[in-house]
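Here is a short report on selected features of one protein chain. The sequence and the structure come first.

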Amino acid sequence: MAQPDTKKIFFENLSGAGKAIAVLTSGGDAQGMNAAVRAVVRMGLYVGAKVYFIHEGYQGMVDGGENIKEATWESVSSMLQVGGTVIGSARCKEFRSHEGRLKAAHNLVQHGITNLCVIGGDGSLTGANLFREEWSGLLGELVEQGLIEADAVQKYSALHIVGMVGSIDNDFCGTDMTIGTDSALHRIIEVVDAIMTTAQSHQRTFVLEVMGRHCGYLALVSALACGADWVLIPEMPPEDGWEDKMCQKLSANRAGMKRLNIIIVAEGAIDRSNKTITTDYIKNLVVKCLGFDTRVTILGHVQRGGTPSAFDRILASRMGVEAVLALLETTANTPACVVSLCGNQSVRLPLMECVQMTQEVQKAMDEKRFEEAVKLRGRSFENNLKTYKLLAHRKPESELPISNFNVAVLNVGAPAAGMNAAVRSAVRVGISEGHKMFAVSDGFEGFYKGQIKEIKWADVGGWTGQGGSLLGTKRTLPAKHVDKIAEQMRAHNINALLVVGGFEAFESLLQLYEARATYEELCIPMCMLPATISNNVPGTDLSIGADTALNAIVETCDRIKQSASGTKRRVFIIETMGGYCGYLASVGGLAAGADAAYIYEEPFDIRDLQANVEHLTEKMKTSIQRGLVLRNENCNDNYTTDFIYQLYSEEGRGVFDSRKNVLGHMQQGGAPSPFDRNFGTKISAKAMQWVTKKLTETFRQGRVFANTEDSCCLLGMRRRALVFQPVVQLKDQTDFVHRIPKEQWWLKLRPLMKILAKYKTSYDVSDSGQLEHVVRNRPKESDASVAM
């Protein structure tokens, strides 16, 4: 008899019965806070706990009364897509005093609350930890003053705190991304993309100021995402004499036929003397030295506003559920913790370790230890800065290494947003490494036809924000044309190959690897970058293009749901792309607040469909006005979108009516999201550095010869790390008939969607975060940073 898997614990073992959890948002607001509040409330109610809102942050906790209200399932309906925080946030001087915290403790005890979920920045979380440390003393004082009974000290002996970081600045150490950062990047990139068209028309220079008083993350990543000419951040002030260098760079770019310049400045940008660098100073400098028509745009609070991105909704929902699990597992001796993401995995970190590390960054900046400040920000930040420098500043020809290697880059399969950013990055890093770069048009079809030409640094300018594939891409596989492809490789002396694409790209590399035995020309280093909206490539958790598609799905779902506001009860059946892979339907469903998502990986029958209809009917009668059901295009041959629509229409008659919508190719189009631009840029840069290393290792007796498994790899993100994996070793992990990996991490997110939609289900918590310590420098390969 097989032994049970002892690692697999289900949350039924973690009961919240008899516990009271309060959730508050404090400090500056951030998009995604509402998604976190919704997840805390619904997960808390699901495990049997009482859940309370604390309105207006710590001020509401101090004032008590109507500010502390019990939450219901329905009270968090329709808030997932709303920006800001619907329970309010306020800065509270009173809570900083002992008397204020005493009032807050009294108000919490009156409601029996001993579990706090705080969503805010480092100041809010530090205040929560101080409150926790003082808790027993505060209860003692309340007994002395006769405000509470003596037995309450024993009953409410410990205050448990879990934090979630809500901050658009991404200025909290220990976490790859804070709630709100991705949405703020969306706002910035939308503005930059719009400004670029007018700047190009008039040959203007634009100086943009973005938020970040003490942290340059938004400025740095938006500069990387739009290919800005210059960026100024507080962690790494420019060297003395930077003004001349910047003007030379702008002038050189104009001489190279570029019609515009973009300079991005963090609001806290300083020079080496700690003197503030303002946008007006830069504007006047450019006008005086170069005479360029220059404009200033200060984005301000636009960056805080608007609807949260798909990434922020998923991050906040995952973290909200994780926060409740952390509170259920906590003991009197457990330190206050922060729930967070590292790579693609949930982690719990001691709150004060993170706060101390965050404060160390500021101290290093104040003491002008700028290199150390960058390192303390974490590998993700450091990696962003290195990549930006590599791509934005071209070395003079005399300083470039001479490698005499020719590297070809091509797109294969369906187009995906972010492909162009990956190609731009590959071309520029390749040139910086001394290689001659060649672009292949129309994938392997163009390859065997000889559509190969050299591509230069300036040729890829402005590619980052372009959707689709500028090189052109086809689904043609190389197997039938290997002889002609080998001939073209010989003719152009191609020494390495970088393929950007989806499942067809993976199959192509397998075919080329197998053909090495016949054609020596194919014995060269080959690397593949996963780029497909379906996210169905083995060996990686994420693919370039999937985030843009998710945002398209979520934005459309928001609009469709809004179209039913004020009308009678309505259910929408929405079909998504993805082939046989249910990633878009499942993760899009979680981000859009769907009631169900039908996918191939999780077989369903007519009984499941009936149960879903009955569940929705019950919800419609009691509370919600709108329902949302997603269906993956190939989830079932018989239960088509039309069938499900007709079933819901018939069975819901008298309670709700139904509408259907097939999203189609709008999921493939549009400008790439900030995530896809940066993910494509960073993994492409890493891939080209790997190519250079392999070329050096395999160059013998005047030629490149690479025929080992590890010279034909896929670069993918696995949990916390970017990993190069031989494509041959991924064959066993692949279902070639349905073109999907045999194991897919996101299937563990499906119970989350069901729980948040009020279904009874089991949630496997074996993969939930464990309490770890903040590491100053993680292992070299783990600079994965899911997002940016």
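Predicted model: local features only at pLDDT ≥ 70, side-chain atom pairs only at ≥ 80, totals over all residues.

## Strand β8 and its neighbours

F206 has I262 as its bridge partner in β8.

How many residues of strand β8 (residues 261-266) are buried? Six of the six are, so the strand is largely enclosed by the rest of the structure. In a regular strand, side chains alternate between the two faces of the sheet. In β8, N261, I263 and V265 point one way. I262, I264 and A266 point the other way. Both sets are buried.

## Helix α16

Helix α16 covers residues 482-492. Its buried residues are V482, I485, A486, Q488 and M489. Viewed down the axis of α16, the buried residues fall within an arc of 160°, so they line one face of the helix. The cover over them includes α15 (443-449), β14 (452-454) and β16 (496-501).

The face turned away from the buried side carries R490 and A491, which are exposed. Just after α16 comes N493, with a positive phi of about 50°.

## T178 in its loop

T178 sits in the loop between β5 (160-165) and α6 (181-202). Is T178 buried or exposed? T178 has a relative accessible area of 1%, which means that it is buried: the cut-off is under 20%.

Two polar partners are found for the T178 side chain. A polar atom of this side chain lies 2.6 Å from the backbone oxygen of S167. The T178 side chain also makes a polar contact with the side chain of T181, at 2.7 Å. Leaving aside residues up to four places away in sequence, T178 touches V165, S167, N170, F172, D312 and L315.

## Salt bridges

The structure holds 37 salt bridges. One of them joins K619 to D595, with the closest N and O atoms 2.6 Å apart. This pair links distant parts of the chain, 24 residues apart. K619 is in helix α20 (residues 606-622). D595 is in the loop between α19 (583-592) and β19 (596-598). Both ends are buried: K619 has a relative accessible area of 10%, and D595 has one of 5%.

R750 and E602 form another salt bridge, with the closest N and O atoms 3.0 Å apart. R750 lies in helix α23 (residues 750-756) and E602 in the loop between β19 and α20, so the pair ties together parts that are 148 residues apart in sequence. R750 counts as buried, at 4% relative accessibility. E602 is partly exposed, with a relative accessible area of 27%.

## A further pair and a network

D605 and R607 also meet through their side chains in a salt bridge, at 2.8 Å from N to O. D605 is partly exposed, with a relative accessible area of 24%. R607 is exposed, with a relative accessible area of 61%. Elsewhere, R475, E504, E507 and R739 are linked in a network of salt bridges.

## Cysteines

How many disulfides does the structure hold? The count is zero. A disulfide is a covalent bond between the sulfur atoms of two cysteines. Two cysteines show why distance matters here, given a cut-off of 2.5 Å between sulfur atoms.

Take C92. The closest cysteine sulfur to that of C92 is in C117, at 19 Å, which is too far for a bond. C92 is buried, with a relative accessible area of 9%. Now take C289. Its sulfur is 4.2 Å from the closest cysteine sulfur, in C247, and this too is too far for a bond. C289 counts as partly exposed, at 44% relative accessibility.

Conventions
Residues numbered from 1 in each chain as written. Heavy atoms only, no water. Helix = DSSP H or I, 4+ residues; strand = E, 2+ residues; numbered from the N terminus. Buried < 20%, exposed > 50% of the residue type's maximum accessible area, 1.4 Å probe, protein only. Polar contact = N/O pair within 3.5 Å; in protein donor to acceptor, adjacent residues only side chain to side chain. Contact = heavy atoms within 4.5 Å. Salt bridge = Lys/Arg side-chain N within 4 Å of Asp/Glu carboxyl O. Arc of directions from axis to C-beta. Pairing = 2+ DSSP bridges.
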